[in-house]
Amino acid sequence: MRTKDEKKRHAISHAAIDLVYTNGLANTPMSKIAKKAGVSPSTIYVYFENKDDMLNKLYLYSKEVFISALLKDVDLSISFQEISRKVFDNFHIFTKKEPVIFLFAEQFVNSPQLRFGIKEEVNKLYTPLYSALQRGVKEGILRPMGPAILASVFMAPSMFLYKQMHDSGINLNKETLDNLFDMAWNAIKK
């Protein structure tokens, strides 16, 4: 059995995410992924059983990267509005830095090819954020809703706007981001 190399896994993952996002899964043969990653096609099968396994693992990977970026430098002991602003800012930093990873995950979030177990693993990744939201509800800062609903209401405007802007090439200025944060915050605060 061949040894797994993290650099190769990273190269394959990023090549696959880019090509699948750009061309779609059906139009992305393993040979094209291998060529872009600089590996042989057989090397891909060291890391992934098949295309379905690859899609599921790449979706999980993209969500791990995304959620890690959302929570980067977030101090859960500060005020909930400050936590929310940090997560909001982290989202906008991440989507500028890694647009393809974000858009890949969004493209496949409702894919029938995603296995239930992968969706469950992704839900577990949100635990720190959901715990913070539950604390916000318990302390009377946030509306008495479930954490998934609060997170969706808070993040959906940014996610939708980002996808629209990505397609048109428009960038948000600071004033627009501040207004968007205020609207999102007002939607979830009590």
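Colleague: Are Phe102 and Tyr162 buried or exposed?
Modeller: This is a predicted model, and the state of a residue is read from its relative accessible area, with under 20% as the limit for buried. By that limit, Phe102 and Tyr162 are both buried.

Colleague: How are the planes of the Phe102 and Tyr162 rings placed, stacked or edge-to-face?
Modeller: A pair of aromatic rings is described by the distance of the centres and the angle of the planes. For Phe102 and Tyr162 the centres are 5.5 Å apart and the planes stand at 75°. An angle over 60 degrees counts as edge-to-face, so the pair of Phe102 and Tyr162 is edge-to-face.

Colleague: Which parts does this pair tie together, and how many residues apart are they in sequence?
Modeller: Phe102 belongs to helix H6 (residues 99–108), while Tyr162 belongs to helix H9 (residues 147–168). The pair therefore ties together parts whose separation in sequence is 60 residues.

Colleague: Which residues form one aromatic cluster with Phe102 and Tyr162?
Modeller: Leaving aside neighbours within four places in sequence, Phe66 is in contact with Phe91, Phe94, Phe102 and Tyr126. The cluster holds, besides Phe102 and Tyr162, the residues Phe66, Phe91 and Phe94.

Colleague: Does Met145 count as buried or partly exposed?
Modeller: Met145 sits in the loop between helix H8 (127–138) and H9. Together with Ile149 and Val153, Met145 forms a nonpolar surface patch with about 240 Å² of accessible area. Because its relative accessibility is 41%, Met145 counts as partly exposed.

How values were computed
Residues are numbered from 1 along each chain as its sequence is written. This is a predicted model: local features need pLDDT of at least 70, side-chain atom pairs count only at pLDDT 80 or more; totals for chains, interfaces and linings use all residues. Side-chain values use heavy atoms; hydrogens and water are left out. Rings of Phe, Tyr and Trp (its six-membered ring) pair if their centres lie within 6.5 Å; planes under 30 degrees apart count as stacked, over 60 as edge-to-face and the rest as tilted. Helices (H or I, at least four residues) and strands (E, at least two) are DSSP runs, numbered from the N terminus. Buried means under 20% relative accessible area, exposed over 50%, partly exposed in between (1.4 Å probe, protein chains only). Contact means heavy atoms within 4.5 Å. Patches are made of residues with over 30% relative accessible area and no salt bridge: like charges are joined within 9 Å, nonpolar side chains (Val, Leu, Ile, Met, Phe, Trp, Tyr) within 5 Å. Accessible areas come from the Shrake-Rupley method with a 1.4 Å probe; for residues, only the protein chains shown count as cover. A salt bridge is a side-chain nitrogen of Lys or Arg within 4 Å of a carboxyl oxygen of Asp or Glu.
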